[in-house]
Amino acid sequence: MASILTRGKVEVSLNNSDSKSEADPSPGARLRGLLSYGASTQLMGVHDGMSARIASAEGFAALWASGLCMSTALGVRDSDEATWNQLISLVGSMTQATSQPILVDGDAGYGNFNTARLFARAAERVDAAGVCIEDKVFPKMNSFFGNGHQLAPVGQFCGKLLACREGVADADFVLVARTETLIAGGPMTEALDRAAAYAAAGADAIFIHSRKQDVSEIAEFCRQWGNLRPIIIAPTTYHRTDMTTFRELGIAGVMWANQSMRAAYTAIRDTCRTVLAQEGVSGIEDQIAPLKEIFSLYEYEGLEQEEEKYSDWDPPGISERKAVVW
Ligand code: SPV
Ligand code: MG
């Protein structure tokens, strides 16, 4: 069970005392346990079953199913070009590949309160641990591109959060509200006010996003926030800040949102360039994962053993009944 951490007089915890039994915690309950004040739990950004499997095997306790990365993997832009059913299908391939809890990027909820709620429900049904929705208008644009980021009215976004909260079955399913106020060029006071309204509307945690090159905006937000809810961040532009600083600021979760996708992109691009230039694959053979490693991670041997057990099995007593029937 996760600890209840306190700062000042305000308790910060994601635990629900009436949740599922400890013997069988839901994905949401497990994610909650990782998102306590100052834990700075690292969530690796993933985009498909393979990246989810690798990140889990390498030791990440939780994953972020990034909208940018899933869109990129699907070959489209991070501006609501992928349908939400495509994304849910991809998330399902991740939850089948790992048992680590996955927080799913729900973008702006794909429309109104109803589509946001349907997305949250669908994510819960494919065993995601939670969803994060952001206070932009549909269609959203990736936070690092352009300057036309438009925020939704506070009441409209609070309604979306409430619909998601009431629409999922598991009380532990984690609902993260993300404010894009600072991305849209809004003031810190608005970011804080919006976050407080989202907490009141049922958000379990707040994702405060910044695209500054340093941690100053995030630090200011954390100082003024007062720990009404756990804070999650994605230090993409302020990546030079160390984990000690994040922990001291009380940050609950740190998402490395897109680095694994960008690493995969670089590897694929460079491999294509080399193979084309060299008209062969000998030059890259020792730089790429041997098939043996992939077979091992995907437990091919286990399948072979199971095949022996399951491919031809006579239930006990079958021979006697055979004698009677035939
Ligand atoms: C994502 O990973 O899709 C995010 C985080 O939403 S970011 O791209 O940093 O805005
Ligand atoms: Mg996103």
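A: Two strands pair if DSSP finds at least two bridges between them. Strands (E, at least two residues) and helices (H or I, at least four) are DSSP runs, numbered from the N terminus. V46 stands opposite A65 in β4. The model is predicted: local features need pLDDT of at least 70 and side-chain atom pairs pLDDT 80 or more, while totals for chains, interfaces and linings use all residues. Residues are numbered from 1 along each chain as its sequence is written, with chains lettered from A and ligands numbered from 1 in the order in which they are written.

Q: How do you know that strand β3 and strand β4 pair?
A: Pairing requires at least two bridges. Strand β3 (residues 41-46) and strand β4 (residues 62-65) have four bridges in the parallel sense, so they pair.

Q: What makes up the closed barrel?
A: Eight strands, β3-β4-β5-β6-β7-β8-β9-β10, form the closed barrel with parallel pairing. From one strand to the next, the twist averages 25°, where axes are lines fitted to C-alpha atoms (for helices over the stretch in contact) and angles run from 0 to 180 degrees between N-to-C directions.

Q: Why is D214 called exposed?
A: A residue is exposed if 12 or fewer other C-beta atoms, placed from the backbone, lie within 10 Å of its own, buried if 20 or more do, and partly exposed in between. D214 has 12 such atoms within 10 Å, and is therefore exposed. D214 is found in the loop between β8 (205-208) and α8 (216-225).

Q: What makes a set of residues a nonpolar core?
A: The set must consist of buried Ala, Val, Leu, Ile, Met, Phe, Trp, Tyr and Cys residues joined through C-beta atoms within 7 Å. The largest nonpolar core here has 80 residues, and L63, A65, L103, V131 and V176 have the most contacts inside it. In soluble globular proteins, nonpolar side chains tend to be buried together.

Q: Which residues are in contact with L63, leaving aside its neighbours within four places in sequence?
A: Contact means that the C-beta atoms of two residues, placed from the backbone, lie within 7 Å. Among the residues in contact with L63 are L43, M44, V46 and I102.

Q: Which residues are around ligand 1?
A: A residue is near a molecule if its C-beta atom, placed from the backbone, lies within 6 Å of it. The residues around ligand 1 include G45, S66, D105 and N258. Helix α3 (residues 67-74) gives the most to this shell, with three residues.
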